[in-house]
Amino acid sequence: MSEGVLRRYREFLEITARTPMITMGEGSTPLVRSRYLEKAWGVGELYFKLEGCNPTGSFKDRGMVMAVAKAMEMGSTAIMCASTGNTSASAAAYGAYCGLTTIVLVPRGDVASGKMAQAMAYGPKIMVVDSTFDQALKMVRAFAAKHPVTLVNSVNPYRLEGQKTAAFEVVDDLGDAPDYLFIPVGNAGNITAYWKGFREYSDVGRAKRRPKMMGFQAEGAAPIVRGEPVLEPRTVASAIKIGNPASWKEALVARDESGGIIGAVSDEEILTAYRLLASKEGVFGEPASAASVAGVMKLSKGGVDFSRAQVVCVITGTGLKDPDLASQQTDTPLQRLPPEMEALERALEEVLRGSGARSRPSTGSG
Ligand code: F0G
């Protein structure tokens, strides 16, 4: 059976004898070394933390398992959240796994189709609100304060407790904290959670240093960068289309204590990074995830010297979450082919020549 984050990091979490040690196999995600962009951008060492490998395809599962376990420990039978898609999919999955009633509010028109289909499959109560994510979050906060449901947005402190385990894993894999941690910022829970994780690990001596936290928002949804809420956030990266982040102050603390920055990248930069990540590295992340990679691209092209630095980019969710955008963003042609070997050979003549492949020596066995 999978270990899960509750068991793997129980000494750093608020686990009691009554906490149900549930797991759907979250955590222990791959840290993959770049083979192309690292050289292209002159980075000493560049790694991708593949959070899309979690059970529901995003980092949310780390926090959700902790929030749901604590909700059950406290006798709650219903959980609730507002979401740009991934939190709702994760809540609905863990809710289904644990037999809880799950209620999710999503902003109309702002949730990628893969996340919507996924959330619906788990069978929660889904409400589509004619508003932004920020307004939906306000509504669930007010509702949960008044009714017997557990709020599982990242304002629930157990969510961040669970999510901090990703920072532990980065240190466990690299042997120490990296120099820089690049991460997309939406509601700002995850940057807060990573910073907490890095701090706790260095406090107990498991890491000798702490990274600079490099958070990136989308330009059209960059309240922290602008210093004021954005009433009508706009970005192709729907997961981080957030105008008034709940963990705003905590994100500033992470930035300032670590000596990092919170910057903005344009949709064009996000999409360039998104395409490069998939086509040059084989890593298919969702657009919001590409904001972290776009951050490295923007800074390195802008002259920041990363040549001696160890850099980790958090790829927060899988590209499968947003199949419509994926199809729009590719220029890979689909070629029709009659079902005949000769046609296949004709069609691939150019391709093989282009790849530098040599003709196959005969094996003699036919
Ligand atoms: N990347 C992805 C794929 C996300 O789904 C989110 C947030 C973020 C980055 C930003 O993380 O909010 O902690 O700063 N998604 C939330 C949701 C808002 O409802 O699924 P954050």
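The model is a predicted one, in which local features need pLDDT of at least 70, side-chain atom pairs count only at pLDDT 80 or more, and totals for chains, interfaces and linings use all residues. Residues are numbered from 1 along each chain as its sequence is written, and side-chain values use heavy atoms, with hydrogens and water left out.

I begin with strand 4, residues 101-107; helices (H or I, at least four residues) and strands (E, at least two) are DSSP runs, numbered from the N terminus. Six of the seven residues of strand 4 are buried, so the rest of the structure largely encloses this strand. Buried here means under 20% relative accessible area, exposed over 50%, and partly exposed in between, with a 1.4 Å probe and protein chains only.

Helix 5 (residues 113-122) forms a right-handed β-α-β unit with strands 4 and 5. Right-handed means that, with the strands pointing away from the viewer, the path from the first strand over the helix to the second runs clockwise.

I turn to the loops. Ser28, between helix 1 (4-8) and strand 1 (31-33), has a positive phi of about 50° although it is not a glycine. Ser28 counts as partly exposed because its relative accessibility is 46%. Ala188 lies in the loop between strand 7 (180-184) and helix 9 (189-203), and this non-glycine residue has a positive phi of about 75°. At 3% relative accessibility, Ala188 counts as buried.
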